[in-house]
Amino acid sequence: MAGSSSSSSCSLMLLLPVMAAALSLAANAGSSDHLTAGFSRVELSESQFVVQKPYDVPLKERYEESGGVRRMWVFATDKPGSATHPGGARTEIKVDKIYSSGVWQFEGDMYVPSGTSGASVMQIFGAATHATTLMLHVYDGQLTYYHELTKVVADRVYDRWIRLNVIHDVAAGNVTVFVDGERRLSAPGQGGKEHYFKFGVYKQSHHNPSHRMESRWRNVAIYTKP
């Protein structure tokens, strides 16, 4: 019996490092710390988070901030952001930090309530031949590259927080998207001289957009390196 007890103790001691490693991996699942290593965080003032909303409604009817969460919603029938703007209905935040060179990274936690469909939730504005270098849309619970349903960045995004990291290497001309720390998309840059990040909801005309669209954001940060 003594030999059996000694053998069991020895086996347990051998398993402990393996168990600890497994627990460590589980604890770090979804972490994006490795993505911001080597980057410097950009100091942003609250005034640089510029809300763009339908021009004919009060801010409080399309935007709310509470407990560090920015909540934005829009209706398909809403007016655009200005009386002369040709775009669709939107409630978005423009991060008023324009860049033209280097490597830049957007990071934020995003929550999309079920029912939201046909909306852009994040974009890199500025390109050589059209408005944007990147747009991420939500259609029926899927996060897609623009409106291309065959280019799914993440499944089942409804009703849960996901960590989104987007890296734009201007000189290399590419964009990389990570979801919960995992690389999910690489796409070409679109040229252009000036860029900035936007997040929120912006109605799209593809795939039967829903009447109401909403996204919530927290822990939004911008990083850069030369």
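Predicted model: local features only at pLDDT ≥ 70, side-chain atom pairs only at ≥ 80, totals over all residues.

Residues are numbered from 1 along each chain as its sequence is written, and side-chain values use heavy atoms, with hydrogens and water left out.

Seen in order 2-5-14-7-8-9-10, the 7 strands make an open sheet with antiparallel pairing. Strand 2 (49-52) and strand 10 (148-154) are the edges, each pairing on one side only. From one strand to the next, the twist averages 25 degrees. (Strands are DSSP runs of E, at least two residues, numbered from the N terminus; two of them pair if DSSP finds at least two bridges between them.) Strand 9 (residues 142-145) runs antiparallel to strand 10, joined by 3 bridges, and Tyr 145 stands opposite Glu 148 in strand 10.

**Two residues.** Buried means under 20% relative accessible area, exposed over 50%, and partly exposed in between, with a 1.4 Å probe and protein chains only.

| Residue | Relative accessible area |
|---|---|
| Thr 133 | 1%, buried |
| Ala 171 | 76%, exposed |

Thr 133 is part of strand 8 (residues 132-139). Beyond its neighbours within four places in sequence, Thr 133 is in contact (heavy atoms within 4.5 Å) with residues including Ile 124, Tyr 146, His 168, Val 175, Pro 188 and His 195.

Ala 171 sits in the loop between strand 11 (161-169) and strand 12 (174-179). Ala 171 and Ser 100 are 71 residues apart in sequence, while their C-alpha atoms are 9.2 Å apart in space.

Technical notes:
Helix = DSSP H or I, 4+ residues; strand = E, 2+ residues; numbered from the N terminus. Axes fitted to C-alpha atoms, helices over the stretch in contact; angles between N-to-C directions.
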